[in-house]
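Hi everyone, thanks for making time.

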Amino acid sequence: MENNKYLREEILRMSGVNTSKCMKCGKCSATCPAYDEMEYHPHQFVGMVEMGDIEPLLKSESLYKCLSCFACVERCPRGVEPAKVVEAVRLVAVRRQGANRMTANDVPETIEEDTPQQLLVSAFRKYTK
Amino acid sequence: MQRVGVFVCWCGSNIAGTVDVQAVSEALKNEPGVVYSANYQYMCSQAGQEMIKAAVKEHRLTGIVVCSCSPRMHEATFRKTAAAAGLNPYMVEIANIREQCSWVHKDMMTGTEKAIILGKAAIAKVNLNAPLTPGESPVTKRALVIGGGIAGIQTALDIADAGFPVDIVEKQPTIGGKMAQLDKTFPTLDCAACILTPKMVDVAQNEKIRIFSYSEVTDVHGFVGNFDVKIKKKARYVKEDICTGCGACVEKCPMKKVPNEFNLGMDNRHAIYIPFAQAVPKVATIDPNACNMLKNGKCGVCAKVCAAGAIDYKQKDEIIEEKYGAIVVATGFNPISMDKFDEFAYSQSKDVITSLEFERLTNAAGPSAGKLLRPSDGKHPHTIVFVQCVGSRCAACAEKGKEYCSKICCMYTAKHAMLTRDKYPDTEVYVFYIDARTPGKNFDEFYRRAVEEYGVKYIKGMVGKVVPEGDKLKVQASDLIANKQLHIDADLVVLAAAIEPDKSARPLATMLTASMDTNDFFTEAHPKLRPVESPTAGVFLSGACQGPKDIPETVSQAGAAASKVIGLLAKDKLTGNPCVASSNELMCNGCSTCERVCPYGAITYIDKEFRMPDRTTKIRRVAVVNPAVCQGCGACTVACPSGAMDLNGFKNSQIMAEVDAICK
């Protein structure tokens with residue numbers, strides 16, 4: 001629990017989000033285009049971080065299903081910015097030793113002819129330390 | 001030299017919790033002029049006041065300093081105590097050691113230190129106090145009600161019932177307001193028109209009430225009991241006293257394509273129109289922006305068909321000047337604009353409507369004669385999605401929504417959902433809610449009936465987006481209990497738009513010098529104990545202009561405002577405030593600066609003859625303050641370059657003595 005308290009503060013600090021502003025309306029999840037891909041949905045990220053229940057999030061594939069489209073940030077009536085919470089949890093995960101989602105060796109097989117370079121750069125930013 | 005008594009209040013633990021009251025009364029004992037210093041648990045209690053009276057007698061006090069709560073709270077109490085003890089009430093000074101000290105400090109040391117400093121300042125001031133005697137002013141026994149919705153109507157009826165004349169100013173061509181547009185009213189489902197229109201007729205027939213419809217207040221001067229108000233009666237191009245409201249002109253008017261604001265633009269009206277059948281006054285009005293005769297002099301059909309000869313194309317705006325003793329603000333509310341909520345596709349689809357539009361769609365007198373039909377194709381909708389809190393409780397961006405809860409939406413949405421299921425049982429009705437807020441008599445029972453008896457599907461969650469596709473509206477929403485994202489093909493989406501004060505409220509507040517909050521709702525004098533009075537004396541609040549309210553609450557507040565007005569108008573004389581400005585004419589250089597800054601128009605300049613040292617006379621221009629109009633704001637004393645203006649009770653010398661005491 002102590003560890004969770006530290007983790008929670010770390011995530012709030014990194015994301016700059018105040019999760020207590022959430023009024024649990026669910027508009028973030030209502031607006032999310034990746035909803036069906038995700039095990040934990042945007043509103044759950046906010047709620048679980050607020051409660052310090054972070055380990056399940058760190059282990060979840062949902063971290064990598066978020067498109068970072070920021071629709072939830074745009075629509076949230078309370079200015080909570082759920083995507084920033086997801087991003088911070090993801091950062092905690094990839095910063096753990098050996099937890100990189102992607103290595104340089106994985107890159108060639110993912111490249112298609114029309115893959116923009118920008119995509120590679122952002123994928124590296126998103127999935128590695 | 002004054003003989004000052006200092007009384008430090010504990011206010012239970014409110015003050016004593018963070019201020020060492022014993023130390024404060026000890027420290028203030030040795031201040032100049034102080035002959036007595038004590039502390040007590042509740043100075044405002046009977047026992048506390050007796051303690052002050054006894055000390056005045058025993059120590060022959062000439063001035064009193066009470067270190068307690070804000071003067072807004074108990075200054076009047078302690079002034080009365082002083083008067084009862086034989087002192088001039090204006091020999092009392094309050095040091096606010098609660099709101100401005102104990103409540104804002106956490107640490108006993110700093111709290112006590114500041115309380116002592118505030119006490120010293122009050123002592124320094126009271127040493128320079130002089131007895132003041134308030135003047136008296138008469139009361140004009142007539143009330144003005146601004147706004148003719150249910151709030152204004154009820155207030156006017158109650159005031160008139162007590163025998164005082166009342167004028168209602170309404171900017172629309174008819175009274176009735178928002179309630180006239182509603183279909184049914186929760187929780188008893190009586191029809192709005194059936195309970196409102198008899199009241200409108202009562203207003204029209206009451207000899208004590210005058211209605212200025214299609215009119216606006218343009219100027220307010222004066223003060224409590226003596227307001228001078230200018231009302232602009234806009235030209236309606238129809239003689240109100242002659243028109244019989246037969247409607248022949250409306251039928252024959254060739255200009256038929258003007259969006260009908262009463263039906264929120266969902267159908268059209270003529271250029272000459274009567275807003276609805278039960279309008280009061282039932283008089284036609286010509287819309288100057290649509291009428292061909294007024295725009296380019298061609299037509300004149302209405303004048304030809306009018307048997308009474310009531311049409312007057314040359315009518316001009318008229319300014320009416322009237323005196324009032326009290327003013328009631330009842331300017332009401334409007335739903336906010338949905339233009340900025342792109343996610344709900346309000347501006348993309350005719351079938352995304354607001355709840356007020358839904359009211360008109362289901363109203364027998366509405367554009368579809370009470371049949372619930374889709375605005376786009378006139379078909380019966382089979383799946384309806386209601387979205388609550390659209391723009392309410394929206395703290396993220398101020399230009400889009402409102403931070404507050406609009407209070408009425410939960411109940412009217414339950415009503416809409418229930419009535420739809422009752423009339424059209426083949427319709428699926430979904431309500432997306434964040435919290436169902438139904439505190440009120442028989443309110444929660446009503447909402448539960450919608451769910452349990454009428455089968456309305458309440459879903460805890462919010463709609464994320466609405467996309468028009470073909471003749472359907474694709475609704476994407478979250479169901480937080482099932483932890484699912486829902487996709488519903490809806491025929492009609494109804495948005496419970498947040499409500500905001502009418503746009504006319506802010507300029508009106510400026511005219512009345514009445515205060516407003518950041519959302520443009522009028523502020524009450526005290527949120528709990530004086531909820532229907534504005535802090536500006538003689539101005540009262542009725543209905544949604546003070547905050548979101550449903551009809552039962554509005555009517556009770558309207559009655560409360562009326563009783564306050566009656567209490568004021570029943571008085572023959574009002575005691576004024578003696579803390580007004582006065583000018584030392586020997587120092588006044590006649591520059592007119594004070595006249596320009598005075599927000600109340602209390603200062604005028606006169607030419608006065610003065611005897612000069614060489615025995616000649618000279619005429620000089622000097623400022624004179626009308627003490628009945630002056631509100632004691634002090635703007636002139638700050639602006640005066642020669643130091644001739646001074647405020648009784650707050651003399652420049654007293655303020656400087658306070659500053660010196662604080663800085664010592």
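Okay, let's start with helix α14 of chain B, residues 505-512, where B:Ala505, B:Leu508, B:Ala509 and B:Leu512 are buried. Why do those buried residues line one face of the helix? Look down the axis of α14(B): the buried residues fall within an arc of 105°, so they sit along one face. Turn to the face pointing away from that buried side and you'll find exposed residues, namely B:Arg506, B:Pro507 and B:Thr510. Before I go on, keep in mind that this is a predicted model.

So what covers the buried residues of α14(B)? The cover includes five strands of chain B: β6 (143-146), β11 (215-223), β18 (326-329), β28 (499-501) and β29 (539-541).

For a partner, β6(B) has strand β7 of chain B, residues 166-169, and the two pair in the parallel sense over four bridges. Within that pairing, B:Ile146 stands opposite B:Val169.

Now β11(B). This one pairs with β12 of chain B, residues 226-233, in the antiparallel sense, over eight bridges. B:Ser215 stands opposite B:Lys233 there. The two strands form a hairpin with two residues between them, and in it B:Gly225 takes a positive phi near 85°. Then β12(B) also runs antiparallel to β17 of chain B, residues 318-324, and seven bridges join them. In that pair, B:Ile231 stands opposite B:Ile320.

On to the nonpolar cores. Which residues have the most contacts inside the largest one? They are B:Val328 and B:Val493, in a core of 134 residues. As a general point, nonpolar side chains in soluble globular proteins tend to be buried together.

Let's zoom out to domains. Chain B is divided into domain 1 (4-126), domain 2 (143-234 + 317-332 + 502-569), domain 3 (248-305), domain 4 (334-500) and domain 5 (581-648). The centres of domain 2 and domain 5 of chain B, taken over C-alpha atoms, are separated by 37 Å. Their contact takes four residues from each of these two domains. On the domain 2 side, that's one nonpolar, three polar and no charged residues.

Chain A has domain 1 (2-96) and domain 2 (102-129), and 23 Å separate their centres, again over C-alpha atoms.

Last stop: where do the chains meet? The contact takes 18 residues from chain B and 15 residues from chain A. On the chain B side, β24 (463-469) and β25 (472-479) each supply at least two residues. By class, that side has nine nonpolar, six polar and three charged residues.

Note on methods: Residues numbered from 1 in each chain as written. Chains lettered and ligands numbered in written order. Predicted model: local features only at pLDDT ≥ 70, side-chain atom pairs only at ≥ 80, totals over all residues. Buried ≥ 20, exposed ≤ 12 C-beta atoms within 10 Å, placed from the backbone. Arc of directions from axis to C-beta. Contact = placed C-beta atoms within 7 Å. Domains from an automatic or database assignment. Nonpolar A, V, L, I, M, F, W, Y, C, P; charged D, E, K, R; others polar. Pairing = 2+ DSSP bridges. Core = buried A, V, L, I, M, F, W, Y, C linked by C-beta atoms within 7 Å.
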